[in-house]
Amino acid sequence: MIRPSTVLAGWAAALALLALVLALFSPPQYDWALLAGAALALAPLGAVMLVPRRGGESRRVLPDTSLPTVVVAAGIALAVVGLAAGIWMIGIGLEVLAVGLFTLIREMREQRRAGER
């Protein structure tokens with residue numbers, strides 16, 4: 001079974017490689033910096049996932065799909081693309097991110113309540 005931290009490390013390595021290739025073969029622009037930033041952002045997340053959970057293996061209630069997670073990812077992507085597109089895109093991305101985080105927190109609370117029953 002592949003651990004989630006291994007998947008994140010592989011994805012970060014692929015993004016870092018793409019950033020390196022873009023930095024070598026394209027004129028200085030934001031493209032390679034965006035990929036390198038994404039690769040660097042995955043490193044702490046992967047390190048956190050390596051730490052074992054306290055309390056052992058407990059039963060977790062997980063949804064089949066989670067729309068708020070997709071909305072959060074889209075908000076982050078819009079805000080990062082705003083670095084190249086303009087401040088208006090950063091504002092839209094942050095608004096989408098705020099809505100996604102609000103609904104994600106609400107979904108997590110509902111999952112906890114369902115798990116306690």
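Below are exercises on a predicted model, each with a worked solution.

Residues are numbered from 1 along each chain as its sequence is written.

**Exercise 1. The fold**

Work out how many helices and strands the protein has.

Solution. 
- Start with the terms: helices (H or I, at least four residues) and strands (E, at least two) are DSSP runs, numbered from the N terminus.
- The count is four helices and zero strands.
- Along the sequence this reads α-α-α-α.
- Now look at contacts, meaning heavy atoms within 4.5 Å. Of those with a separation of 6 or more, 55% join residues 24 or more positions apart.

**Exercise 2. Helix α2**

Compare the reach of helix α2 with the span expected at 1.5 Å a residue.

Solution. 
- Helix α2 covers residues 31-50, which is 20 residues.
- The expected span is 1.5 Å times one less than the number of residues.
- Next, burial. Buried means under 20% relative accessible area, exposed over 50%, and partly exposed in between (1.4 Å probe, protein chains only).
- In α2, Ala-39, Leu-42 and Gly-46 are buried.
- For the protein, 18% of the 117 residues count as buried.

**Exercise 3. The core**

Find which residues make up the largest nonpolar core.

Solution. 
- A nonpolar core is a set of buried Ala, Val, Leu, Ile, Met, Phe, Trp, Tyr and Cys residues joined through side-chain atoms within 4.5 Å.
- The largest one has five residues: Leu-8, Ala-12, Leu-15, Ala-39 and Leu-42.
- The largest share, three residues, comes from α1.
- Check one member. Beyond neighbours within four places in sequence, Ala-12 contacts Ala-39 and Leu-42.

**Exercise 4. Around Ser-5**

Decide whether Ser-5 is buried or exposed, then list what Ser-5 touches.

Solution. 
- Ser-5 lies in helix α1.
- Ser-5 counts as buried because its relative accessibility is 9%.
- Setting aside residues up to four places away in sequence, Ser-5 touches Gly-46, Met-49 and Leu-50.
- Val-48 is 43 residues from Ser-5 along the chain, with 8.5 Å between their C-alpha atoms.
- Val-51 is 46 residues from Ser-5 in sequence, and the C-alpha distance is 9.8 Å.
- Val-51 sits in the loop between α2 and α3 (67-85). At 55% relative accessibility, Val-51 is exposed.

**Exercise 5. The surface patch**

Identify which residues form a nonpolar patch on the surface.

Solution. 
- Patches take residues with over 30% relative accessible area and no salt bridge; like charges are joined within 9 Å, nonpolar side chains (Val, Leu, Ile, Met, Phe, Trp, Tyr) within 5 Å.
- The patch is Leu-17, Leu-20, Val-21, Leu-24 and Phe-25, with about 560 Å² of accessible area together. Areas come from the Shrake-Rupley method with a 1.4 Å probe; for residues, only the protein chains shown count as cover.
- Phe-25 belongs to helix α1 (residues 4-25) and is exposed at 71% relative accessibility.

**Exercise 6. The salt bridge**

Locate the one salt bridge of the structure.

Solution. 
- The criterion is a side-chain nitrogen of Lys or Arg within 4 Å of a carboxyl oxygen of Asp or Glu.
- Glu-110 and Arg-113 meet it, with their closest N and O atoms 2.8 Å apart.
- Both are in helix α4 (residues 87-116); they are three residues apart, so about one helical turn separates them.
- Glu-110 is partly exposed at 42%, and Arg-113 is partly exposed at 44%.

Technical notes: Predicted model: local features only at pLDDT ≥ 70, side-chain atom pairs only at ≥ 80, totals over all residues. Heavy atoms only, no water.
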